[in-house]
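Here are my notes on this one, for when you have the model open.

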Amino acid sequence: MAIISVDHLTYRYSEELPMVLDGVSFDVQEGEWLAIVGHNGSGKSTLAKLIDGLLEAAGGEITIEDQLLTPDNLWELRDDIGLVFQNPDNQFVGATVADDVAFGLENRGVERNEMKRRVAEALVQVGMDGFEEREPTSLSGGQKQRVALAGVIAIRPRVVILDEATSMLDPEGRREILRVIRELKDRFQLTVISITHDIEEAAHASRVLIINDGRIVEEGQPEAIFEKEAELLELGLDIPYASRLKRSLNQLGIQVPEQYLNEEEMANWLCQSLLKK
Amino acid sequence: MPITFEKVDYSYQPNTPFEHQALQDINLTIADNSFTALIGHTGSGKSTLIQQMNALLKPSSGVVRVNNREIRPDTNNKDLKPLRKQVGMVFQFPENQLFEETVKKDIMFGPLNFGMSEAEAEEEAIRLITEVGLDESLLERSPFELSGGQMRRVAIAGVLASKPDILILDEPTSGLDPKGRQQIMDLVAHLHENEHKTIILVTHQMEDVTKYADRVIVMDGGRVAKTGTPKEIFNDVDWLKTHHLDLPKTTQFAATLQAQGFQFPEGLPLDEMALAQAISQQISPKGASDHG
């Protein structure tokens, strides 16, 4: 079942500027992990803001849980969609970690004891229990993003949108946040939309959309998308490591299977090809 | 002249209950025209270390020498202006520091501050915008209309305007997309090779370390844990793991293959072409299909 439907969506920042989104249509299925991949300026973050009602579309429709998104039902529907932004330093409002996670609940008038319980639970779920009284500024980037995620899941959304949420983190912080998201997704049957230019992050998805110049140019499972190496490079995106190695092997005249191999499959194939000593 | 550190310690908020020793017994030499990568876990002291190099922070004890100028705990701040001109610092997310109405004014800010005339500074701005790979027509635009990668290049141009011979960059590609990252690293490589600038690059991107650096400094817990060439550093796989450092993708993959019977007598390769060549000598050209 589609939890979000986007139909011929258009957007531009002003009349003189070109379309940022130019007739974008797609469905998000309940419980899937959808990666929306594109280079900076491709329109992918604008799309996230439109779905969360932070921007108003110039044309087209967004349907969330069978309701057409309008200014009237925006606040109600927004409770079902949590958004984690790129910069961990720009999304803190509380003086302590616990205050920060509580912020969205306070806004929604959640009763005090219930609020405390949900904050405590959310911090356990992202592995940040014990940090309740710490100042957000004293945390590492990865920890900050996990606190931001706790604030989002405390609201109990059905959809979590990650808008470049890992791109400012070091490799360890990035792995940490992706692991937590996978756990949360499985535990709460969340729908995840990750907006990213990181091909490794896209590999976590069940489906990938590639967006370029405000249009969807490719759609498919990660394995199928990763086979389109030349196109990905042309669009200013990376290709997975095993594909990069495959291209180097091809240049040396070694015939590697044409279909996409992940790192484990590539290692297995190479080991099978190893000349016996 | 090189940069040297001699027995440098540094503490934040000394003599208070919040005292935190961020650097301990640092002894280092960074040669002229070298390209040094500074790596280490978040909180290992990398940022504190680079701030000693242009005296944004002064040692609590010991001495830092940059181009024969000494920075000691009691060095007068007034004496440091020429040094700051020679050591350009590109902070993380430098685009956050853009503030002028136009790109041109932003690039001119530094040189004017260092005493250049208005006309000279303007000439410099025109030269630098092309140097960092942007079109001259952007000079009259507001920096805030530019893309993230463009803003970052404007910020770098502003640092280059004071003509530093040492350039320190703190994670200059963080948050950029693949194309933006490549453009910034191409620019850094150009400044090193063609403008002969000494480069100190703080990074978590191990692939960039292998591709560009001739020397690596590994920081851990406020100390220099190791120095060496990228090949030396990345071939000690177990040591890197115990220090929570990532391997470059190729080295990691080569280590996996080594565990399954591949041999790398010249050490684990650092880039995919070197790995492909080592592999090609050990498998049949048609791969697994040849012997089923």
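**Notes on the model**

1. Start with helix H1 (residues 46–53) of chain B, which lies across E1, E2, E4 and E5 of chain B and runs at about 120 degrees to E1(B). Helices (H or I, at least four residues) and strands (E, at least two) are DSSP runs, numbered from the N terminus. Axes are lines fitted to C-alpha atoms, for helices over the stretch in contact, and angles go from 0 to 180 degrees between N-to-C directions.

2. A word on the ground rules: this is a predicted model, where local features need pLDDT of at least 70 and side-chain atom pairs count only at pLDDT 80 or more, while totals for chains, interfaces and linings use all residues. Residues are numbered from 1 along each chain as its sequence is written, chains are lettered from A and ligands numbered from 1 in the order in which they are written, and side-chain values use heavy atoms, with hydrogens and water left out.

3. Now the sheet. In chain B, four strands make an open sheet in the order E2-E1-E4-E5, with antiparallel pairing (two strands pair if DSSP finds at least two bridges between them). Strands E2 (20–30) and E5 (69–71) of chain B are at the edges with a single partner strand each, so one side of each has no neighbour in the sheet. From one strand to the next, the twist averages 25 degrees.

4. Look at E4(B) next. Strand E1 (residues 3–12) of chain B pairs with strand E4 (residues 61–66) of chain B over five bridges, in the antiparallel sense. Ile3(B) sits opposite Val66(B), and Thr4(B) opposite Arg65(B). Arg65(B) also stands opposite Glu70(B) in E5(B). E4(B) and E5(B) form a hairpin with two residues between them, and Asn67(B) in the turn has a positive phi of about 45 degrees.

5. On domains, chain B is assigned domain 1 (3–233) and domain 2 (247–283); the bounds come from an automatic or database domain assignment. Their C-alpha centres lie 33 Å apart. Five residues of domain 1 of chain B are in contact with eight of domain 2 of chain B (contact means heavy atoms within 4.5 Å).
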